[in-house]
Amino acid sequence: MKCLVFMLLVALSSAKVFERCEWARMMRSHGMDGVGGYNLANWVCLTKGESDYNTRATNRNTDGSIDYGIFQINSRYWCNNGQGPTSNACGINCSELLKDDVTAAIRCAKRVVQDPNGIRAWVAWVRHCEGRDLSSYVRGCGV
């Protein structure tokens with residue numbers, strides 16, 4: 001437990017909060033435009049609603065699971081935090097989702113969207129993005 005707390009503190013101290021266009025360009029460079037059939041604006045909107053583009057964001061859920069990182073990926077299904085049951089479908093430690101290097105987070109998000117719920121697995125996308133004009137999320141970003 002002490003090791004996990006230490007790892008989380010290290011991850012939190014080196015976390016990054018992206019600017020909107022910086023994040024849009026980062027996701028484009030990692031091939032997110034079109035993933036799951038959703039354009040880049042959907043992914044930028046999703047992460048704005050989930051974490052406000054913050055790589056260190058965490059949220060404890062009522063079921064005891066924790067959402068991690070810029071995509072708020074859940075420990076019960078997608079990563080292992082060593083604190084409860086997990087399917088660990090992304091095959092990673094949850095602390096990987098809290099790093100400045102967002103490669104693991106993006107790879108895991110690509111895995112999540114392959115599931116039957118698709119992008120609807122993210123509550124913020126359903127609440128803030130679905131059925132809306134999202135062009136403002138990438139406007140002026142050169143993507």
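What follows is a talk about the terms used for this predicted model.

Colleague: Ground rules before we start?

Modeller: This is a predicted model, so local features need pLDDT of at least 70 and side-chain atom pairs count only at pLDDT 80 or more, while totals for chains, interfaces and linings use all residues. Residues are numbered from 1 along each chain as its sequence is written, and side-chain values use heavy atoms, with hydrogens and water left out.

Colleague: Why is Pro-85 called exposed?

Modeller: Exposed means over 50% relative accessible area, buried means under 20%, and partly exposed is in between (1.4 Å probe, protein chains only). Pro-85 has 62%, so Pro-85 counts as exposed. Pro-85 sits in the loop between β3 and α4.

Colleague: And what does Pro-85 touch, sequence neighbours up to four places away aside?

Modeller: Ser-75 and Arg-76, where contact means heavy atoms within 4.5 Å. Gly-64 is 21 residues from Pro-85 in sequence, with 9.8 Å between their C-alpha atoms.

Colleague: Why is Asn-88 called partly exposed?

Modeller: Its relative accessible area is 22%, so Asn-88 falls in the in-between class. Asn-88 is also in the loop between β3 and α4, and its phi is near 45°, a positive value in a residue other than glycine.

Colleague: What about Asp-52, why is that one partly exposed?

Modeller: Asp-52 has 42%, so the in-between class applies. Asp-52 lies in the loop between α3 and β1 (58-60), with a positive phi near 55°.

Colleague: Which residues of α4 are buried?

Modeller: In α4 (residues 103-112) they are Ala-104, Ala-105, Ile-106, Cys-108, Ala-109 and Val-112. They pack against α2 (20-29), α3 (40-51) and β3 (73-74). As background, an α-helix has 3.6 residues a turn, so residues three or four places apart point the same way. Over the protein chain, buried residues make up 42% of the 143.

Colleague: What makes a set of residues a nonpolar core?

Modeller: Its members are buried Ala, Val, Leu, Ile, Met, Phe, Trp, Tyr and Cys residues joined through side-chain atoms within 4.5 Å. The largest one has 40 residues, and Trp-23, Met-27, Met-32, Trp-43, Phe-71 and Trp-122 touch the most other members. Two or more residues each come from α2, α3, β2 (66-68) and α4, with α3 giving the most, 6 residues.

Colleague: What does Met-27 contact, beyond neighbours within four places in sequence?

Modeller: Met-32, Leu-40, Trp-43, Val-44, Thr-47, Phe-71 and Ile-106. In the protein chain, residues 24 or more positions apart account for 54% of the contacts with a separation of 6 or more.

How values were computed. Helix = DSSP H or I, 4+ residues; strand = E, 2+ residues; numbered from the N terminus.
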